[in-house]
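This briefing collects computed features of the structure shown below, grouped by topic for a reader who has the coordinates at hand.

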Amino acid sequence: MSISIENSELLRFTTAGSVDDGKSTLIGRMLYDSKSIFEDQYEKLKETTERRGEEGVNLALLTDGLRSEREQGITIDVAYRYFATPKRKFIIADTPGHIQYTRNMVTGASTANVALVLIDARNGVVEQTRRHAIIASLLQIPHLVVCVNKMDLVDYKEEAYEAIKEEFENFASKLDVVDVHFIPISALKGDNVVHRSDKTAWYDGPTLMYYLENVHIGSDHNLIDVRFPVQYVVRPNTDEHHDYRGYAGRIAGGVMRKGDEVMLLPSGFTTKIAKIDTFDGELEQAFPPMSVTVLLEDDLDLSRGDMIVRVNNQPEITQDLEIMISWFSDRPLQERGKYTIMHTTQEARCVVKEIRYKLNINSLHRDLEDKEIRMNDIARVVLRTTKPLFVDEYRKNRITGSVILIDEGTNNTVGAGMII
Amino acid sequence: MKNPIDNSPSVQQKMAGKDMNYNLNHLRELESESIFILREVAAQFENPVLMFSGGKDSILMTYLAQKAFHPGRIPFPLLHIDTGHNFPEAITFRDDLVERLGVRLIVGSVQEAIDKGMVTEEKGYNASRNGLQIAVLLDELEKGKYDAALGGARRDEEKARAKERFFSHRDEFGQWDPKNQRPELWNLFNGKKQYGEHFRVFPISNWTELDVWQYLAIENVPLPSVYYAHKRMVFERDGILLADNEFTPRRPEEELKEMMVRCRTMGDMTCTGVWKSEATTLDAVIEEVSTTRVTERGGRSDDKRSETAMEDRKKKGYF
């Protein structure tokens, strides 16, 4: 077991759902069937369930960690859950599904490889299903897996599953999602979650767990366009490393190789990669999401917020951004308002030049009239920054294509933007 | 320290997992994420400090910090809140480590705080100095004017910690407001604060207990001996095995017996349970961790005080 885990990949997936659609039961089922719930956790759950006068074991209590959540029986925040199988290690970002928690869904979706969308087989595609899928598409989660749940309540009928699949596919054709997969399951009974069901003989696809263990995530990072935002300058200033000047950072895109000719932004100077250094020794090449230290052949001025790229493959250098923004604050987004903006390791100020439209995240309808952007709204806006940023489209690179906005009075993160 | 220039394919392969496709194995991805956070703290804050308990998680943190700033030194001091109730092995190990890394160590003493009347010692059989650490920690953070305190807490440890951010904002009283946390997206961490406020930062949030052990094993990181099975005098209280120690009075019915045990977490001797174990090597420990059915904090009596004991302590400033 120890050896296989050392070679296993990390997969992050997000779930969203409300109290009744079986999300907590599904997570509980995955944790339980993969033997990731511990005995003392299970005993505590049983005790708490009994004390609350409920029957059985309420697996939702496993994900609801805060006092107020336990009291109200709802998930408020993003909760992170961990489990591993011999093939992969999984991080679940478990988020609430109600519209008033859109910001939490967006947060959970921002780093996910896979979005898990649950549909109640009795109800078909509902508003919440559409919302989750739209958020997954906006946040460019590479893989979408649609679990048609509660199949036991529709007698495991193929027609019920096919009808929902068709309904979802019709709707998803309007979305920007590449890879959609459907699985008929019963989280409660365990059908097709970890173990294959003998009640869905008509279904020849994988179980949910098999899908999660095997979905190809190798190409989820951009391996074409070299982007290295300088995070920190390492200068030991010791006798042993007197002239050492290394640029530390996490590779945001492309494969960097020793000897590559590179350009530094914003200066535009060109030089070569002299060395890719790590504590474990020098590397011939490095790729996302590795954290390394890059040494250059020439002694040029470069600091935090600058970027190392390839000469013939540069990001857009601009002060004008067009973004889809998800708003987090109870104070509405201000047209002509000024905010601090963070992008990669850069920081600047920006002004909201124009609010183009508000997106209805249940229908994708663009509202050009109502431009009051409140908490949990998603809108398309135009920003002007105080200094040039080195950006890519979010579609091409989730790291160099994303920004956050910070309120200058409260210091709170008030918005998350995806560059168009 | 290892040879800084190693061009062998083994380094490349080690970074990438078994074959050179552009995939990192999960331990390398976690390592990279933690290094990113550590560097982000050094870049965004003026005066960070690393909270060092002597346990395996804070040993992992110092090891990752060493990697993050290589070949430079770790650019912040370590802060140990010393309850005076430590496993003696932990203190020896701490002092050796500090000397090896060449970092500064600051010790905040709970005993001194008690002597000065700043805090009051708990009384009774289950007395613990765990809660007293909060006041001493906050006092040290204030005295040192630290604006970021790095901690080795992990989200898989406890359900309140499952909701914790990497960058966790604390008000001027050091309090955590779990319902009003800043959203964290992508690689963007907002460390902005008002004067007098500070951040707790948790670079190993996404590691599980098994990840930590696996990583310490492949990296050959030395650990205090209490993490391996050894013979020790213990007694049972409320279903937990406690190491015999001079600070915890025993009830008449609590009999001492010698057993093979090890620690899964290491806090004070007064509240850290030890586990029956035959695992005397790292491989045996990993085998045990990957098949165990009880959480590591299952043996911490400080967490057993109530259903939300951790959340309540965290709100006050515990880490």
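In this predicted model, helix α2(B) meets helix α3(B) through B:E31, B:S34, B:I35, B:L38 and B:R39 on the one side and B:L64, B:A65, B:K67 and B:A68 on the other.

**Helix pair in chain B**
- Two packed helices are described by the angle between their axes and the distance between the axes.
- For α2 (residues 26-44) and α3 (residues 56-69) of chain B, the axes come within 9 Å and cross at roughly 75 degrees.
- Because angles of 65 to 115 degrees count as roughly perpendicular, α2(B) and α3(B) are described as roughly perpendicular to each other.

**Nonpolar core**
- The largest nonpolar core comprises 182 residues, and those with the most contacts inside it are A:A115 and B:L50.
- When neighbours within four places in sequence are left aside, B:L50 is in contact with B:M61, B:T62, B:A65, B:F76, B:L78, B:L79 and B:L150; one of these, B:A65, is also among the α3(B) residues that meet α2(B).

- Strands β7 (residues 230-237) and β8 (residues 240-243) of chain B pair in the antiparallel sense over four bridges, and B:E236 has B:L241 in β8(B) as its bridge partner.
- The hairpin formed by β7(B) and β8(B) has two residues between the strands, and within this hairpin B:D238 takes a positive phi near 50 degrees.
- Strand β8(B) is also joined by two bridges to β10 (residues 273-276) of chain B, with the two strands running antiparallel, and here B:L242 has B:G273 as its bridge partner.

**Overall form of chain A**
- Chain A has nine helices and 22 strands, and its radius of gyration of 24 Å is close to the 22 Å that the globule rule gives for 420 residues, so the chain is as compact as a globular protein of that length.
- Its C-alpha trace spans about 70 × 60 × 40 Å along the principal axes, and buried residues make up 49% of the 420 residues.
- Of the contacts in chain A with a separation of 6 or more, 69% are between residues 24 or more positions apart.

**Seven-stranded sheet in chain A**
- An open sheet of seven strands in chain A, with antiparallel pairing, has the order β7-β15-β11-β12-β14-β9-β8.
- Its edge strands, β7 (227-229) and β8 (232-234) of chain A, each pair on one side only, and neighbouring strands of the sheet are turned by 40 degrees against each other on average, direction ignored.
- Within chain A, β9 (residues 246-250) and β14 (residues 291-296) pair in the antiparallel sense over four bridges, with A:G249 standing opposite A:V292 in β14(A).

Methods: Residues are numbered from 1 along each chain as its sequence is written. Chains are lettered from A and ligands numbered from 1 in the order in which they are written. This is a predicted model: local features need pLDDT of at least 70, side-chain atom pairs count only at pLDDT 80 or more; totals for chains, interfaces and linings use all residues. The radius of gyration is taken over C-alpha atoms; the globule rule is 2.2 Å times the number of residues to the power 0.38. A residue is buried if 20 or more other C-beta atoms lie within 10 Å of its own, exposed if 12 or fewer, and partly exposed in between; C-beta atoms are placed from the backbone. Two residues are in contact if their C-beta atoms, placed from the backbone, lie within 7 Å. A nonpolar core is a set of buried Ala, Val, Leu, Ile, Met, Phe, Trp, Tyr and Cys residues joined through C-beta atoms within 7 Å. Two strands pair if DSSP finds at least two bridges between them. Axes are lines fitted to C-alpha atoms, for helices over the stretch in contact, and angles run from 0 to 180 degrees between N-to-C directions. Angles under 35 degrees count as roughly parallel, over 145 as roughly antiparallel, 65 to 115 as roughly perpendicular and the rest as oblique.
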